[in-house]
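Hi everyone, thanks for coming. Let me put the structure up on the screen, and then I'll walk you through a few of its helices and a couple of loop residues.

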Amino acid sequence: MVLRDENGGFIFDSAMLQKQANLPSEFLWPQEDLVQAQEELNEPLIDLGGFKRGDEVETARAAELLSKACSEHGFFQVTNHGIDATIIEAAHNEINTFFNMPLDKKLSLRKKPGSLNANGYSGAHAHRFSSKLPWKETYTLLHHENDPSNSNIIVDYCKSVMGEDFEHTGWICQKYCNALKELGLLITELLAISLGVDRFHYRKFFEDCVSMMRCNYYPPCQNPGLTFGTGPHCDPNSLTILHQDQVGGLEVFSNNKWKAIRPEPGALVVNIGDTFMALCNGRYKSCLHRATVNRNLERKTIAFFLSPREDRVVRPPQELYSQEEPRKYPDFTWPEFWEFSQKHYRSDVTTIDNFIKWKLSSKPSGTFSSIA
């Protein structure tokens, strides 16, 4: 049995779907995509403590580890990152608030098809896709900390849209995002050091950034080998900072193999997105990754996405290109790329390359076919 809305769209009712022996066809992925990971990525665990203290030896070591990881696959984990464990725990508790809402309440908070507004609920991204659906629910909250008129944007959203009962949820998520943004800016400093450019170049670029928090819930699935919690994709934003529980499921495509990232207690997973790949002229990689699901256990994660302010022009610092190493990407803005990735193209390993082709061709919006 599959639930449909008034427009015939798929409704992700996880409680009902978990009881079914067979997966609905919308969740089935091609056999060639379902190759299982047989080994771990062995990404570096970077201790930020020395860098934060100003220890030059520890900073150089951290920058070296970061450079190697980002040149190979764009993933690393950080410890001593300064995010209080109580904030992380509180934010995870609020995930339950989102996903334990009655189905009709969730559906009333759904993102609208074609909308570029990040806020809202999504069940299996069914508002965007009609096939190869991910086995998950998400709730996304937009965060603009440095806009004086929106210093409590998440609190205001939760109260006005979700209801007064969600004000506490809003404060917890706002506090989490404020802390993650500061960590993100710190990481941009280390990225700049590792690339040999001015330490504060990227920090200044992202000071008034656009960011958002995405809560992910992956229910148990009776047929985990036939679907994904999140299908293979590259992140279009600049940086992603992920806190995952201890269930595991994140996998990265490196050296032509899928490799698992082991959850490390107290650590946060960081990865380079397509936009930062353009900001460093391709020196660092935005890597294909995915999330699997578990037959018996639910999994929850919180992803924080860092992106440039809407009017910032994405271009690398001059030190990273020359006649011998020309620019790999033309100038663009984050809203242009975001719209392309949300409306015209299902994210994969070639998203940014196809965006650049689309941009350089000067074709009108809508030339790309709708997402299947």
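Let me begin with helix α6, residues 153–162, where the buried residues are Ile153, Ile154, Val155, Tyr157, Cys158 and Met162. Please keep in mind throughout that this is a predicted model. What do those buried residues of α6 pack against? Their partners are α4 (85–99), α5 (103–108), β6 (120–123), β7 (137–143) and α7. If you follow the chain just past the end of α6, you come to Gly163, with a positive phi of about 120°.

Now on to α3, which has 17 residues. From first C-alpha to last it reaches 24 Å, close to the 24 Å expected at 1.5 Å a residue. Its buried residues are Thr59, Ala62, Ala63, Leu66, Ala69 and Cys70. These cover an arc of only 135° around the axis, and that puts them on the same side of α3.

Helix α3 spans residues 56–72 and helix α7 spans 167–195; they pack at an angle of about 80°, with axes 9 Å apart. Anything from 65 to 115 degrees counts as roughly perpendicular, so that is the label for α3 and α7. On the α3 side, the residues in this contact are Thr59, Ala62, Ala63, Leu66, Ser67 and Cys70, and they meet Leu190, Leu191, Ile193 and Ser194 in α7. Sorted by class, the contact of α3 with α7 has seven nonpolar residues, three polar ones and no charged ones.

Helix α10 covers residues 334–344 and helix α11 covers 351–361; their axes come within 10 Å and cross at roughly 105°. These two are therefore roughly perpendicular to each other as well. Which residues make the contact? From α10 we have Glu336, Phe337, Phe340 and His344, which meet Thr351, Ile352, Asn354, Phe355, Trp358 and Lys359 in α11. By class, the contact of α10 with α11 has five nonpolar, three polar and two charged residues.

Looking at α11 by itself, Thr351, Ile352, Asn354, Phe355, Ile356 and Trp358 are buried. Among the elements covering them are α9 (274–279), β17 (332–333) and α10.

Asn42 has a phi near 65°, a positive value in a residue other than glycine. You'll find Asn42 in the loop between β3 (39–40) and β4. Asn281 is not a glycine either, and its phi is positive too, at about 55°. That residue, Asn281, lies in the loop between α9 and β14 (289–291).

Is Asn42 buried or exposed? At 70% relative accessibility, Asn42 counts as exposed, since the cut-off for that is over 50%. Asn281, on the other hand, has 1% relative accessibility and counts as buried, where the cut-off is under 20%.

That's my tour, and I'm happy to take questions!

How values were computed:
Residues are numbered from 1 along each chain as its sequence is written. This is a predicted model: local features need pLDDT of at least 70, side-chain atom pairs count only at pLDDT 80 or more; totals for chains, interfaces and linings use all residues. Side-chain values use heavy atoms; hydrogens and water are left out. Axes are lines fitted to C-alpha atoms, for helices over the stretch in contact, and angles run from 0 to 180 degrees between N-to-C directions. Helices (H or I, at least four residues) and strands (E, at least two) are DSSP runs, numbered from the N terminus. Angles under 35 degrees count as roughly parallel, over 145 as roughly antiparallel, 65 to 115 as roughly perpendicular and the rest as oblique. Contact means heavy atoms within 4.5 Å. Ala, Val, Leu, Ile, Met, Phe, Trp, Tyr, Cys and Pro count as nonpolar, Asp, Glu, Lys and Arg as charged, and the others, Gly among them, as polar. Buried means under 20% relative accessible area, exposed over 50%, partly exposed in between (1.4 Å probe, protein chains only). The expected span of a helix is 1.5 Å times one less than its number of residues. The arc is that of the directions from the helix axis to the C-beta atoms.
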